[in-house]
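Please read the following explanation with the sequence and the model side by side, and look up each residue as it is named.

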Amino acid sequence: MHFRSLPTVEHDSVYLRPLRASDMAAWASYLNNPAVYEHTSWNYPTIEDLSGYLGNETSGEPDSRLRLAIASKDGDKLVGTIGFHSVAPVNKSAELAYDLNPEFWGKGIATAVGNVLVGWAHQHVGLVRVQATVLESNLRSIRTIERMGFAQEGLLKSYRHVRGTPCNFFMYARLAGSGNCT
């Protein structure tokens with residue numbers, strides 16, 4: 001995706017910034033927490049795996065992914081990450097992905113930051129469709145995505161393998177326009 005500027009979040013306790021090498025250990029630590037990976041498709045990521053996301057916000061490639069740090073205003077600590085993958089410039093679409101350290105669950109952070117990022121993607125990047133796939137067992141994320149105004153489009157059976165097992169995912173989308181060709 002091409003970026004002229006990154007979104008800004010007006011939230012009491014967090015802000016968005018590019019990921020830093022110093023974030024990788026904290027990110028890997030909470031992603032490997034059983035409470036987190038139980039309902040995600042991450043495959044026990046290492047610091048080396050996650051380092052591939054560093055600098056992605058400066059890519060000039062139209063189909064490049066974007067992953068940003070959600071950082072605490074107090075101490076600049078990594079709270080979570082959010083961004084897009086499966087970017088399809090020809091269709092003006094991308095898939096939203098996010099994660100949050102369990103210490104910060106239940107505070108409305110993912111909903112607030114997600115709303116800002118999706119609105120920015122529609123208005124400033126030109127995405128028409130932002131979709132999200134959620135494991136059917138991830139009730140917390142389902143509630144979060146629905147609070148962001150995403151509509152459930154259906155259940156994708158055996159959509160992705162999660163640590164070797166084919167799993168069902170709900171498909172959600174939030175559209176910038178009507179999405180109607182007629």
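The model shown here is a predicted one, and every value given for it is computed. To see how one member is surrounded, the reader may turn to L96, which, when residues up to four places away in sequence are not counted, touches I82, G83, F84, L117, V118, V130, Q131, A132, I145, M148 and F150.

Helix α1 deserves a look of its own. It covers residues 24-31, and M24, W27, A28, Y30 and L31 are buried in it. Against which elements do the buried residues of α1 pack? They pack against α2 (34-37) and α3 (47-50), and also against the strands β2, β3 and β4.

The aromatic rings come next, and the structure holds five aromatic pairs. In one of them, the rings of W27 and Y53 have centres 5.4 Å apart and planes at 65 degrees, so the pair is edge-to-face. Since W27 belongs to helix α1 while Y53 lies in the loop between α3 and β2, this pair ties together parts that are 26 residues apart in sequence. Both partners are buried, W27 with a relative accessibility of 0% and Y53 with a relative accessible area of 14%. The rings of Y159 and F169 also form an edge-to-face pair, because their centres are 5.9 Å apart and their planes stand at 65 degrees. Here the partners are Y159 in strand β6 (residues 151-162) and F169 in strand β7, so that parts ten residues apart in sequence are tied together. Is each of these two residues buried or partly exposed? Y159 is partly exposed, at a relative accessible area of 34%, whereas F169 is buried, at 3% relative accessibility.

Ring pairs link W27 and Y53 with W42 into a cluster, and the charged end of R67 sits over the ring of Y53, at 5.8 Å from its centre. In the case of F169, R160 lies over the face of the ring, 5.6 Å from the ring centre.

Finally, the backbone shows two residues that are not glycines and yet have a positive phi, namely S86, at about 50 degrees, and K92, at about 55 degrees. S86 is placed in strand β3, and K92 in the loop between β3 and β4. S86 is partly exposed, with a relative accessible area of 48%, and K92 is likewise partly exposed, with a value of 44%. S93, by contrast, lies in strand β4 and counts as buried at 11% relative accessibility. When residues up to four places away in sequence are left out, S93 touches S86, V87, A88, L127 and R129.

Methods. Residues are numbered from 1 along each chain as its sequence is written. This is a predicted model: local features need pLDDT of at least 70, side-chain atom pairs count only at pLDDT 80 or more; totals for chains, interfaces and linings use all residues. Side-chain values use heavy atoms; hydrogens and water are left out. Contact means heavy atoms within 4.5 Å. Helices (H or I, at least four residues) and strands (E, at least two) are DSSP runs, numbered from the N terminus. Buried means under 20% relative accessible area, exposed over 50%, partly exposed in between (1.4 Å probe, protein chains only). Rings of Phe, Tyr and Trp (its six-membered ring) pair if their centres lie within 6.5 Å; planes under 30 degrees apart count as stacked, over 60 as edge-to-face and the rest as tilted. A charge sits over a ring if NZ of Lys or CZ of Arg is within 6 Å of the ring centre and within 35 degrees of the ring normal.
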